[in-house]
Amino acid sequence: MTVHPVLQPSIDAWTHSIEAISELVTPLVEGEWNRATECPGWSVRDVVSHLIGLDCEALGDPRPIHSLPRDLYHVRSEFARYMEMQVDVRRHHTGPEMTAELEYTIIRRARQLRNETREPDATVRGPQGKEQTLEHALKVRAFDTWAHEQDIRRALGQPGNLDSPGAHVTRDFLIPSLAKVVAESTGAPAGTAVVIDVTGPVEFMRTVRVDAEGRGSVDGSVSLGPAVTLTTDWETYVRLACGRVRPAAVADQIKIDGDRALGEAVLDHFAVTP
C-alpha cells in the first residue's frame with residue numbers, strides 16, 4: 001500500500017514547510033527565539049511550540065497536563081485555550097531544547113505520513129476532539145505550517161517560500177472562505193459581484209457572487225462591472241485572511257476600485273482563521 005495520491009500534495013507541502021522552519025530556527029540564539037510574531041501574544045518560540053504540539057497530537061501523544069496563567073490577554077476563547085496549552089508548557093524551554101524536540105517530532109511525523117495507508121475520507125480526531133476527514137486534517141496541517149513558516153520569516157526578517165507547495169495549498173484552502181466573507185460576514189446585497197485580484201508569486205483572480213437568496217459563491221470567471229474590485233499582493237492577502245494585520249495597517253498595499261464602502265466592509269471581515 002502507498003499513500004493515496006489525493007493526500008500526497010498536503011504531505012509534501014507540510015514536509016517542505018516544517019523542514020524550512022527547522023532550518024530557520026536551528027541557528028537562532030536565545031534572544032531570537034523571543035522575537036514577537038504577528039500572532040497575538042506569540043513569539044517565534046511559541047509558534048514552533050504550537051507546531052510541535054499539534055504534530056504530537058496527530059501522532060497520538062497525550063496532551064500535557066498544565067494550568068494556564070490567568071493573565072494571557074490573547075486567550076479569549078475555549079479554542080484559544082486549547083491551542084495555548086501546548087505553547088505555554090514550552091515557554092521556558094531553551095533554544096537547544098526546542099530544536100531537539102522539533103527534529104524528533106519531524107522524524108516521527110514524517111515516518112507516520114510515509115506509512116499512511118488510509119483513504120482520504122477516513123475519520124480522524126482533530127483539535128478539541130472534533131472528528132474530521134484525514135484529507136481535511138492534512139490540508140489544515142499543511143496550511144497551518146506554511147502560514148506559521150511565514151510568521152517566523154517575518155519575525156526574523158528572512159522572507160522566502162511565498163510560492164512553495166504550502167503556499168498553493170494555502171491558496172486553495174483560503175479561497176472558498178471568500179463566499180462567506182462577502183455574503184455572510186459583510187452582508188453584501190443580492191446580485192453583488194466582488195472581484196479579488198491577487199498579484200505576486202501566487203497570482204489569481206476570483207469573483208464572489210451573491211445570489212438572490214443571499215448565498216455566496218466563488219468562481220474564476222471574469223465579472224463585467226463588479227460592484228468593487230480589491231487588488232493586493234499575495235503576502236498581504238494571506239496576512240489579512242489569517243488575521244495577522246488589520247486592513248488599515250496595510251492600506252498602501254490594497255487598491256479598491258468601485259464601491260469603496262463595500263470594499264472596506266469586505267476587508268473589515270477578511271480574517272477567516274480563529
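Contact here means heavy atoms within 4.5 Å, and the model shown in these close-ups is a predicted one.

**View A. Helix 1 packs against helix 3.** Here we're looking at residues 8-25 (helix 1) and residues 44-58 (helix 3), whose axes sit 12 Å apart at an angle of about 140 degrees. That angle makes helix 1 oblique to helix 3, since only angles over 145 count as roughly antiparallel. The crossing of the two helices is left-handed.

**View B. Who touches whom between helix 1 and helix 3.** Helix 1 brings W14, I18, I21 and V25, and they meet V44, V48, L51 and D55 from helix 3. Sorted by type, the residues of this contact come out as 7 nonpolar, no polar and 1 charged.

**View C. A stacked pair, F143 with F173.** Searching the whole structure turns up 6 aromatic pairs, and this is one of them: the ring centres are 4.6 Å apart, with 20 degrees between the planes. F143 belongs to helix 6 (residues 134-156) and F173 to helix 7 (residues 165-174), so the pair ties together parts 30 residues apart in sequence. F143 is buried, at 7% relative accessible area, while F173 is partly exposed at 28%.

**View D. An edge-to-face pair, F204 with Y237.** This time the planes are 85 degrees apart, and the centres 5.4 Å. F204 sits in strand 4 (residues 204-210) and Y237 in helix 9 (residues 234-241), so to speak a link between distant parts of the chain, 33 residues apart. Both F204 and Y237 are buried.

Technical notes:
Residues numbered from 1 in each chain as written. Predicted model: local features only at pLDDT ≥ 70, side-chain atom pairs only at ≥ 80, totals over all residues. Heavy atoms only, no water. Axes fitted to C-alpha atoms, helices over the stretch in contact; angles between N-to-C directions. Helix = DSSP H or I, 4+ residues; strand = E, 2+ residues; numbered from the N terminus. Parallel < 35°, antiparallel > 145°, perpendicular 65-115°, else oblique. Left-handed = near helix turned anticlockwise from the far one by under 90°. Nonpolar A, V, L, I, M, F, W, Y, C, P; charged D, E, K, R; others polar. Phe/Tyr/Trp six-rings, centres within 6.5 Å; stacked < 30°, edge-to-face > 60°. Buried < 20%, exposed > 50% of the residue type's maximum accessible area, 1.4 Å probe, protein only.
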